[in-house]
Amino acid sequence: MVAAVTDATFAEDVLKSTKPVLVDYWADWCTPCKQIAPIIEELDREYGDKITFLKLDTNDNPSTPMQYGIMSIPTLQLFVNGEVVQSLTGSKSKGAIVKALGEYL
């Protein structure tokens, strides 16, 4: 199961991580977020040894999405060494996400 990250744990869990981290920004009212969630779970099972997969509830944690300019959800951001290297907005297929993560898998 994909672990949750919060505003309070973001720096430690994401920015200081020694391996790439994919953050899934979501909310319980967001239908496309619910559609993408099983894909993220699947990717976590398949590639969790290479990339850490985390989800951030934007309702409960508004500071981090604001800081990173998240205007719509779902948004996926890949952090490497504390920097955003890839960002995907909207519902995406597994293939599109795997392609975007390509060099890190």
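Leaving aside neighbours within four places in sequence, T75 is in contact with V23, D24, Y25, I70, S87, L88 and T89, where contact means heavy atoms within 4.5 Å. The model is predicted, so local features need pLDDT of at least 70 and side-chain atom pairs count only at pLDDT 80 or more, while totals for chains, interfaces and linings use all residues. Residues are numbered from 1 along each chain as its sequence is written, and side-chain values use heavy atoms, with hydrogens and water left out.

**T75 and its strand**

T75 belongs to strand β4 (residues 75-80). Helices (H or I, at least four residues) and strands (E, at least two) are DSSP runs, numbered from the N terminus. With a relative accessible area of 2%, T75 is buried. Buried means under 20% relative accessible area, exposed over 50%, and partly exposed in between, using a 1.4 Å probe and protein chains only. A polar atom of the T75 side chain lies 2.5 Å from the backbone oxygen of S72.

**The sheet**

Five strands make up an open sheet with mixed pairing, in the order β1-β3-β2-β4-β5. The edges are β1 (3-4) and β5, each with a single partner strand, so one side of each has no neighbour in the sheet. Two strands count as paired if DSSP finds at least two bridges between them. Strands of a sheet pair through backbone hydrogen bonds, either parallel or antiparallel. The pairing of β4 with β5 is antiparallel and runs over six bridges. In β5, T89 stands opposite T75.

**A buried charge**

D24 is placed in strand β2 (residues 21-26). Not counting residues up to four places away in sequence, D24 touches I36, I40, L54, K55, L56, P74, T75 and L76. D24 is buried and has no salt bridge. A salt bridge is a side-chain nitrogen of Lys or Arg within 4 Å of a carboxyl oxygen of Asp or Glu. The nearest side chain of opposite charge is K55, 7.1 Å away. For charge, Lys and Arg count as positive and Asp and Glu as negative, whereas His and the chain ends are not counted.

**Helix α4**

In helix α4 (residues 94-101), the buried residues are I97, A100 and L101. Viewed down the axis of α4, they fall within an arc of 95°, so they line one face of the helix. The arc is that of the directions from the helix axis to the C-beta atoms. An α-helix has 3.6 residues a turn, so residues three or four places apart point the same way. The buried residues of α4 pack against β2, α2 (31-47), β3 (52-57), β4 and β5 (83-89).

**Salt bridges**

The whole structure holds four salt bridges.

| Pair | N to O distance |
|---|---|
| E42 and K94 | 2.6 Å |
| K94 and E46 | 2.6 Å |
| K50 and D49 | 3.9 Å |

E42, E46 and K94 are linked in a network of salt bridges. K94 lies in helix α4 and E46 in helix α2, so this pair ties together parts that are 48 residues apart in sequence. K94 is partly exposed at 25% relative accessibility. E42 is also partly exposed, at 29%, and E46 is partly exposed at 39%.

Conventions
A polar contact is a pair of N or O atoms within 3.5 Å; within protein, one must be able to donate a hydrogen and the other to accept it, and residues adjacent in sequence count only if both atoms are side-chain atoms.
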